[in-house]
Amino acid sequence: MSEHEQDATVVKLRGPLAADVITAAAEQHGVCVRPFTMEITDSVSGAVRYVGVPCGSTVESVCAPCAKKAKALRMVQCREGWHLDAEPVDQRGKPTADQRAVVEYRADLVAAYRDSVEAGEAGHADELRDEIRVVDDELHAMGVRGRLPNPDDPGKRAPKRSTRRRQDAPDLPRLKVARRTVGREYAGGYRPSMFVTLTCDSYGPVRGDGSPVNPGTYDYRRAARDAVHFASLVDRWWQNLRRAVGWDVQYFATVEPQKRTAPHLHAALRGSIPHEVVRQVTAATYLQVWWPPHDEPVYGGYRLPVWDHDGRGFVDPDTRTALLTWADAVDQVDAPAHVATFGRQVHSKGILGGSEEAGRHIGYLTKYLTKSTGEVVEATTDAQQAHHNRLHAELERTPCSPRCAVWLLYGIQPVGASSKTTPGHCRGRAHRRSTLGLPGRRVLVSRKWSGKTLAEHKADRRTFVHQMLAAVGITKPQEDTSRLVWRKLAPGDQNAPPRTHLLMHAISERITWRAEYERALLAAQPPPGDGGPNLSATQQAA
């Protein structure tokens, strides 16, 4: 074999795999690289076909095309609601007959589920609960918003706590909140809005990389609890701010970790508020967590509570005494287990709509939305690694909710405990090493921000594209979806086509769509020298 033939052989052996080439092409054309397969059956003709549905991931390392689309959609949502000069219209529709029928079916399932729980039929109860989750997903897919009632019997209500403010917290003005969301207009027609940043309190001095100067004195317990309850503290801040200014302040906010891994909040507020009022509200905002004490674990290691099938609850492994239930434990609480507050660093700034500064801050708000928490705060030094490990160890023994299985380590049976509950092991995001306690919701948007849901913003972009295509004579046929039955295929289903086939089909479709859209853009261009609007291909809404 000649030297030239040997080099050619080496090149072939070192060439990329076909799957990698297809994935790269999909990313280039904005096609989801991790689609899940849906089986579509025509109930009239009986024809069956399989389509790939985008995974919808918001993390770029998981699926870059889906993450970039989600980020672009959030940027549109932020821009449309930030500087509104008129009250957004409430476009919520009335309940439909189909939605009411599904709710009635859910009510029957909940009744059967509670009967099975009372009868001790754990297996049947678990099956019914899974079916209730499926029905809940169906309701949300039908456009029902908000949280649905918990199928578990709520039991007795939690005891009422005093609403009197703490003596160590400054007072706040309290005004009646008017039904107004648009900010004040100043002389000259200016209607500025705001950009606010809030942080957690200090837990000890840190170095430039975020690691503690003295890990032995760094308050990891308070850092873990503040991270777990950060979302609730932020909700309390919005409530206090609205009461202090007397109108319904709307916001678009994102939660990101600092270098020390503590969460902090960046928020775009519609309307202008005096900076002193923002600082006053932040200093006066606190959250009292009326939970049972959870400072020292009662169980651990190999000595853990066990499930008693006869009593349908957890018992002590030695004495077989039933553990204290969550409701009974809360009844005995006479002082909050934790009080969360914000730190002293508060940044607020006025922003004018349509300015370059507004666009720059929208980019800053959405900068890290395509990255996971671990990618934003990456431990590159031994000190950072040790700091993350210490915080994660504290989060593993910090309960995240009344349903958290970590409560069993403190001798308390959590809400909804069953034979499948593993003491000390909760699947909540707060306990994961990759999140380090950050709340699950990275984007917080008030309901009256833009008057539209995220799905409606997405539909607006789709409508814009269809109108552009229709202007040049390209119309897409509307398929009758009422006769179609959709079913998501489980992993490993023998009927599922290979993922590469789905990607190739999606790439072909995307190339066709892009060519049609570019044709529509060229048709919308005015003749040279006409001076009309110049639509750029970078403004694509597809």
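In this predicted model, strand β1 is joined to β13 by 5 bridges, and the two strands run antiparallel. Strand β1 also pairs with β2, and together the strands form an open sheet of 3 strands in the order β2-β1-β13.

- The edge strands are β2 (48-53) and β13 (484-488), each of which pairs on one side only.
- Neighbouring strands of the sheet are turned by 30° against each other on average, with direction ignored.
- Strands of a sheet pair through backbone hydrogen bonds, in either a parallel or an antiparallel sense.
- Strand β1 (residues 36-42) is joined to β2 by 6 bridges, with the strands running antiparallel.
- Within this pairing, Thr 37 stands opposite Gly 52, while Met 38 has Val 51 as its bridge partner in β2.
- On the β13 side, Ile 40 stands opposite Trp 486.
- Strands β1 and β2 form a hairpin with 5 residues between them; Gly 46, in the turn, has a positive phi of about 80°.
- Strand β1 is mostly covered, with 5 of its 7 residues buried.

**Pairing around strand β10**

- Strand β3 (residues 193-200) and strand β10 (residues 338-351) run antiparallel and are joined by 7 bridges.
- In this pairing, Met 194 stands opposite Gly 350 of β10.
- Strand β10 also pairs with strand β6 (residues 286-289), in the antiparallel sense, over 4 bridges.
- Here Leu 287 stands opposite Ala 340 of β10.

**Helix α13**

- Helix α13 comprises 17 residues (residues 454-470); at 1.5 Å a residue it should span 24 Å, and its end C-alpha atoms are 25 Å apart, which agrees.
- The buried residues of α13 are His 457, Arg 461, Val 465, Met 468 and Leu 469.
- Seen down the axis of α13, these buried residues fall within an arc of 125°, so they line one face of the helix.
- The buried residues of α13 pack against α3 (64-82) and α14 (499-524).
- On the other side of α13, Ala 455 and Gln 467 are exposed.

**Nonpolar cores**

- The largest nonpolar core contains 52 residues.
- The residues with the most contacts inside this core are Trp 237, Trp 238, Leu 241, Leu 265, Leu 269 and Ile 273.
- Helix α7 (residues 230-245) supplies the largest share of the core, namely 8 residues.
- Apart from its neighbours within four places in sequence, Leu 241 is in contact with Val 249, Leu 269, Ile 273 and Val 281.
- A second, separate core has 12 residues, including Ala 358, Leu 365, Leu 369 and Val 443.

**Ile 412 in strand β11**

- Ile 412 lies in strand β11 (residues 412-413).
- Ile 412 counts as buried because its relative accessibility is 6%, under the 20% limit.
- Ile 412 and Leu 323 are 89 residues apart in sequence, yet 5.8 Å apart in space from C-alpha to C-alpha.
- With neighbours within four places in sequence left aside, the contacts of Ile 412 are Pro 292, Leu 323, Leu 324, Thr 325, Trp 326, Ala 329 and Trp 407.

**Loop residues with positive phi**

- Most residues other than glycine have a negative phi.
- Thr 261 has a phi near 80°, a positive value in a residue other than glycine.
- Thr 261 is placed in the loop between β4 (251-257) and β5 (263-269), and is buried, with a relative accessible area of 3%.
- Arg 320 has a phi near 60°, again a positive value in a residue other than glycine.
- Arg 320 is placed in the loop between β8 (313-315) and β9 (324-325).
- At 49% relative accessibility, Arg 320 counts as partly exposed, because exposed residues have over 50%.

Notes: Residues numbered from 1 in each chain as written. Predicted model: local features only at pLDDT ≥ 70, side-chain atom pairs only at ≥ 80, totals over all residues. Heavy atoms only, no water. Expected span 1.5 Å × (residues − 1). Buried < 20%, exposed > 50% of the residue type's maximum accessible area, 1.4 Å probe, protein only. Arc of directions from axis to C-beta. Contact = heavy atoms within 4.5 Å. Core = buried A, V, L, I, M, F, W, Y, C linked by side-chain atoms within 4.5 Å. Pairing = 2+ DSSP bridges. Axes fitted to C-alpha atoms, helices over the stretch in contact; angles between N-to-C directions.
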